[in-house]
Structures are given as structure tokens and as C-alpha cells.
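Q: I have just opened this model and would like a guided look at it. Could we go through it piece by piece?

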Amino acid sequence: MCRSAAAVLAVLTALLCAMRQCAAAGRNQPLNYRPIIGVLAQENIPDDQYAHGFSYIAASYVKFLEGAGARVVPVRINRTEEEYAHIFNAINGLLLPGGDVNIQTSQYSRAAKIFYDLALKANDAGDYFPIWGTCQGFQQLSVLTANKNLLTITDTKAVALPLTLTPAQSSRLFRSFPKDLLQSLAVENITGNFHKWSLSLQNYSRNAKLKRFYKVLSTNNDGKKEFISTMEAHRYPFYAVQWHPEKTPFEWVDKPGMTHSPTAIRVSFYTSSFFISEAMKNQHHFPSLVEEERALIYNFSPVFRGINSIFIQNYYFD
Amino acid sequence: MEEYKKLFNSINGILYPGGGVSIISSGYERAAKIFYELAIEANSRGDYFPVWGTCLGFEQLMYLTSEKTILLQTNTSGMALPLNFTNEIKDSRMFKDFPAELIEDLATEALTENSHKWSLAVLTHNSNEELNMFYKVLSTNTDGKVEFVSTVEAYDYPIYGTQWHPEKNEFEWTRPYIPHSPSAIKTSFYLAQFFVSEARKNFHKFESEDEESKALIYNYNPVFTGPKSGFEQIYFF
């Protein structure tokens with residue numbers, strides 16, 4: 001009698017744990033205080049006069065992660081699946097940056113899909129691996145999950161907005177923010193929007209795959225349409241923002257949508273800090289110190305593109 | 001001197017980093033003295049100009065203010081410590097905006113990296129009139145023998161110093177005693193945020209966009225020195 005009750009309890013607990021990602025979070029494992037995050041490169045912008053090689057990473061993404069306590073490894077495009085699998089097993093998280101490539105046919109999107117699939121599999125097996133998508137990265141994640149492009153045009157090319165936070169939803173991302181900062185986020189124009197496309201709330205709601213996979217954390221409105229500005233996956237450590245937290249401390253082009261207020265800087269830090277604390281739950285590491293050293297972005301020098309450039313510094317890769 | 005004056009009037013704050021040069025006679029010391037005096041003069045006439053000193057920079061400030069060599073050797077090369085806050089932090093500018101939990105963490109966890117052979121003993125500070133009239137001691141630490149000053153802010157000037165290294169928590173990975181916990185990172189962020197907020201009170205700017213552009217560090221690329229040194233990257237000039 002006791003034993004079968006205990007068995008039932010064990011099964012129930014296991015179920016609850018699976019639902020709350022207990023195993024995936026590796027609760028009993030110590031945190032990894034030396035996280036290394038991969039940042040995916042993308043094809044060079046066609047008329048970029050500073051470009052060399054084939055691909056680039058804007059330095060602001062690197063600084064965004066370093067400033068909250070992680071080291072960075074650039075993940076190149078045009079690599080084999082085996083090479084990507086090898087990198088995946090060495091790093092503790094992946095960031096998909098903003099940009100302007102085709103999120104269904106580019107090398108960026110090919111690599112993103114490979115890592116997305118690897119991450120799903122890993123998380124399912126209890127190997128906690130977080131992914132962060134900013135702007136184009138957000139859009140990329142939506143395409144990967146829905147298996148189609150559901151984006152629509154919005155009037156959001158250069159504007160700083162507050163966030164309309166989804167009420168009564170306890171999110172992992174925003175739970176880590178101080179209350180006063182959330183209050184500021186809800187009323188101050190501190191999230192920079194530089195996108196022509198968005199995932200409308202309508203398209204999200206009408207797509208079963210998206211709805212099942214992602215929880216909406218905040219929306220915004222361009223005057224005509226409501227679109228998703230922040231989301232996180234229900235059952236995976238995947239997070240996405242349509243706005244740009246990395247620009248407020250690290251990009252200085254003077255144009256609409258750009259802000260450097262202290263609150264905006266704090267938002268940037270807490271955003272990055274949260275993602276890195278997720279990466280600390282991953283125990284991957286490079287097979288050797290030498291390989292780790294060779295992979296780090298310290299081996300590369302960014303190019304100064306001028307104080308009026310949309311990216312003040314870019315790393316370029318062959 | 002003229003070049004430094006021009007630069008002073010273009011920037012909004014200055015930071016004296018850690019290192020190992022002489023605080024009595026070196027290129028670093030000479031420049032530090034010039035900027036310190038310019039800052040004192042500017043602040044005195046209402047031109048708010050903040051100065052930050054980390055480790056050697058902190059020691060440099062102590063030397064500039066007291067005009068005496070007053071450091072003691074301590075056994076503090078390569079360890080992380082909590083901070084023993086004094087009563088003065090209640091009204092301090094530096095820690096005013098720190099979340100209460102972070103102050104608690106700083107006081108109980110080893111979040112501050114110490115890699116210095118010399119320190120300013122509390123006794124020395126208290127008995128030196130120039131120093132104790134100028135600086136408010138916000139935290140102290142001890143190596144088991146000597147109680148030394150670890151964090152200060154000037155009473156009447158936006159001049160700040162730490163004997164420890166907040167910048168290492170996020171950015172340096174070559175030594176095992178550098179703390180990287182979320183609280184350690186937050187400490188660094190909040191301190192940097194504080195100093196930058198002080199710099200926002202200054203309205204100096206470069207004479208032209210071109211001059212500003214030429215001066216910025218983006219023009220330089222650091223060398224990856226991590227495998228061979230205590231610094232991941234060093235800018236050489």
C-alpha cells in the first residue's frame with residue numbers, strides 16, 4: 001500500500017519536475033561562473049565600406065555580454081554541421097544578433113537553425129542551453145519555431161518606446177528585474193526599436209506552434225498594429241526581444257530611437273545579466289584551454305567605423 | 001601641460017587605473033597630479049569634475065592629497081574579500097543607489113578582488129590630517145595584521161577610490177581568485193554606473209566632432225595578452 005503510493009508520488013513529482021524543467025535546470029549542479037557565449041556572425045552588409053571578409057558581428061553585442069560577466073566566442077557562418085555541433089558543446093549559450101539578412105535563406109539562418117535544433121535536443125535531455133534573440137534574432141526564432149515567416153510590416157524603424165508588459169504573467173526574464181526598473185520600462189521611452197518587420201499579436205495568436213512555444217512578455221503598438229516586443233519560451237530557456245538592449249550603453253549614432261538614459265543602461269545590464277545567469281546553468285566547456293583561447297573573440301580586432309555609424313565598431317571575419 | 005589642460009576641458013571625468021608604477025615619480029604620477037589639480041580647481045568654481053582611482057590609482061590619490069608616502073605593506077596579493085563597511089556608507093554618495101541586498105552581499109561575500117602589496121592603514125589615515133579631512137572612509141579590510149582602507153569618497157569633491165578592483169569581476173578571467181558570481185558582477189556594474197552618473201554632471205566637450213572622434217579609444221586595438229598575463233587585453237600606446 002505504502003509502496004504503490006510512493007510510486008505514484010514519484011511519478012507525479014517527476015511529471016511536475018519535467019513540466020517545471022527541474023531536470024533541465026540542473027538544480028543540483030553548481031553554477032558555471034565562467035560562461036562563454038557564442039554570438040552568431042552574419043553576411044556582410046552589401047555597401048559596407050569598412051567590410052572585409054564575408055561576415056561581421058557588431059561589437060555592441062560582444063560588449064553587451066562581456067559587461068554582464070561572460071566571455072564571447074564568434075560563431076562563423078559557412079561551417080559544417082559537425083563544426084557547429086563541436087562549438088555547441090563547448091559554449092554555454094548562443095546570441096542571435098540583429099541585422100538585415102534573409103532569415104530563411106541566409107547562412108545566418110542556416111546556422112541559427114542548426115543551433116536551434118541542437119538546443120532543443122539538449123534541453124530535452126536535461127542539458128540546459130539558453131538562446132537569446134535580438135531584433136532579427138527574435139524574428140529568426142519565430143521563423144524557426146513556426147516553420148514559416150509570419151512577420152508583417154510595422155512603422156517602427158527608429159523609435160524608442162516603453163514596454164506594455166503583459167499583466168499577471170510571471171516571466172523568468174522580468175522576474176530578475178528590480179520592481180522600480182519594471183515600472184520605468186512600462187512608462188519611459190527606453191527600448192530602441194529599429195525594425196521594419198514585427199511579429200503581430202494577431203499572427204502569433206493564430207499560429208498554434210508559436211502560441212504553444214512562446215509566452216508573450218510585452219507588446220507594443222505602432223499606432224495601427226499590436227506586435228510582440230518581448231517573449232520567452234514556455235518550456236525552453238529561449239528569450240527574444242524585438243528591441244535593442246545592446247545599443248543604449250554601446251552605440252552612439254545620433255538618431256531617433258537612440259537613448260542613453262541611466263534607466264535605459266540599467267535595463268541593458270539586467271537583460272544581459274539575466275541571459276548570462278541562464279548560461280551559468282550550462283556546464284559545457286572547451287576540450288582544452290588552448291582551444292578555448294583560440295576561439296575567444298579577444299583574438300580579433302574590431303574596426304572603428306566612425307562615431308556617426310549605426311555600428312561604431314564591427315568585427316569582420318573571413 | 002597645455003595638452004592635458006585641453007583634454008581636461010574636453011572630457012567629463014578621469015579614471016586612474018591600477019598597475020605597478022611609482023606613485024611618487026613616473027609619467028603616470030605626473031599626469032595624475034596635473035589632472036588632480038585641474039579637478040580640484042574646477043570643482044572649486046562649480047565645474048563638477050569626478051575622479052576615480054582604482055588600486056594604484058587609489059594609492060596615487062592618497063599620495064597627491066597628503067603629499068606624503070604613507071603606505072604600509074600588507075599581505076593582500078591575490079584574494080577576494082568582503083567589505084567591512086563603516087557607518088559612513090549610510091550617507092555616502094557612492095553606495096546610495098545600491099540595492100540593499102547588494103550591500104548585504106558585499107558585506108558578507110568575497111566580492112572584491114585585492115591584488116596589492118601596499119595599503120593605507122586605517123591608523124595612518126586617522127592620524128593624517130590632510131587625508132582624514134579630505135576623505136570619508138566607506139570600507140576597511142584587514143590582512144590579519146593591518147586594518148587598511150578599502151573604499152573612500154572625498155567629503156567635498158567628487159573624488160572616489162577603491163583599493164580593490166571592481167573592473168576585474170566582469171572582464172578579467174586569468175586568475176582564479178577573481179569573483180564572477182552574479183553579485184560580484186552587479187557590484188562592478190553599480191559602481192561604474194555611479195561614476196558615470198557623476199560624469200553626467202559635467203558638461204565639458206571636445207572642440208569638434210573630429211577631435212572627439214580622433215581621441216576615442218575605438219581608434220586603438222588592444223592586444224590579446226590573456227594567455228601570458230593577468231590581463232585579457234592590453235592597449236599599448
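Q: To start with chain B, in which sense do strands β6 and β7 pair?
A: This is a predicted model. In it, strand β6 (residues 135-142) of chain B pairs with strand β7 (residues 147-154) of chain B in the antiparallel sense, over seven bridges.

Q: Which residue of β7(B) stands opposite B:Val137?
A: The residue opposite B:Val137 is B:Val152.

Q: What holds paired strands to each other in general?
A: Strands of a sheet pair through backbone hydrogen bonds, and the pairing may be parallel or antiparallel.

Q: What is the strand order in the six-stranded sheet of chain B?
A: The order is β1-β2-β8-β7-β6-β4 in chain B. The sheet is open and its pairing is mixed.

Q: And which strands are at its edges?
A: In chain B, β1 (14-16) and β4 (84-85) are the edge strands, each pairing on one side only.

Q: Which strands does helix α2 of chain B touch?
A: Helix α2 (residues 27-44) of chain B packs on the sheet and touches β1, β2 (51-54), β6 and β8 (159-162) of chain B. The direction of this helix makes about 140 degrees with that of β1(B).

Q: What about helix α8 of chain B?
A: Helix α8 (residues 182-199) of chain B also packs on the sheet, where it touches β1, β2 and β8 of chain B. The direction of α8 makes about 150 degrees with that of β2(B).

Q: Changing topic: how much area do chain A and chain B bury between them?
A: Chain A and chain B bury about 2500 Å², with 60% of it on carbon and sulfur atoms. Chain A brings 29 residues to the contact and chain B brings 24 residues.

Q: How many salt bridges and polar contacts cross that interface?
A: The count of salt bridges between chain A and chain B is zero. Five residue pairs are in polar contact across the interface, with both residues at pLDDT 80 or more.

Q: Which helix of chain A gives the most to the side that touches chain B?
A: That is α12(A), with five residues. Both α3 (59-66) and α12 (262-279) of chain A supply at least two residues of that side. By class, the side of chain A that touches chain B has 15 nonpolar, eight polar and six charged residues.

Q: How many salt bridges are there over all chains?
A: The structure holds 16 salt bridges over all chains. One of them joins the side chains of A:Arg71 and A:Glu292, at 3.1 Å from N to O.

Q: Which parts does that pair tie together?
A: A:Arg71 lies in strand β4 (residues 71-75) of chain A and A:Glu292 in helix α13 (residues 289-295) of chain A, so the pair links parts that are 221 residues apart in sequence.

Q: Now the four-stranded sheet of chain A: what is its order?
A: The order is β2-β3-β14-β13 in chain A, in an open sheet with antiparallel pairing. Its edge strands are β2 (42-43) and β13 (303-304) of chain A.

Q: How many bridges join β13(A) and β14(A)?
A: They pair over two bridges, in the antiparallel sense. A:Val303 has A:Asn314 of β14(A) as its bridge partner.

Q: And where is A:Glu43?
A: A:Glu43 lies in strand β2 of chain A. Among the residues that A:Glu43 touches are A:Phe54, A:Tyr56, A:Ile77 and A:Val101.

Q: Which backbone nitrogens does its side chain reach?
A: A polar atom of the side chain of A:Glu43 lies 2.6 Å from the backbone nitrogen of A:Gln107. The side chain of A:Glu43 also reaches the backbone nitrogen of A:Tyr108, at 3.5 Å.

Technical notes:
Residues are numbered from 1 along each chain as its sequence is written. Chains are lettered from A and ligands numbered from 1 in the order in which they are written. This is a predicted model: local features need pLDDT of at least 70, side-chain atom pairs count only at pLDDT 80 or more; totals for chains, interfaces and linings use all residues. Side-chain values use heavy atoms; hydrogens and water are left out. Two strands pair if DSSP finds at least two bridges between them. Contact means heavy atoms within 4.5 Å. Axes are lines fitted to C-alpha atoms, for helices over the stretch in contact, and angles run from 0 to 180 degrees between N-to-C directions. Buried area is the accessible area (1.4 Å probe) that two parts lose on being put together, summed over both. A salt bridge is a side-chain nitrogen of Lys or Arg within 4 Å of a carboxyl oxygen of Asp or Glu. A polar contact is a pair of N or O atoms within 3.5 Å; within protein, one must be able to donate a hydrogen and the other to accept it, and residues adjacent in sequence count only if both atoms are side-chain atoms. Ala, Val, Leu, Ile, Met, Phe, Trp, Tyr, Cys and Pro count as nonpolar, Asp, Glu, Lys and Arg as charged, and the others, Gly among them, as polar. Lists of a residue's contacts leave out its neighbours within four places in sequence.
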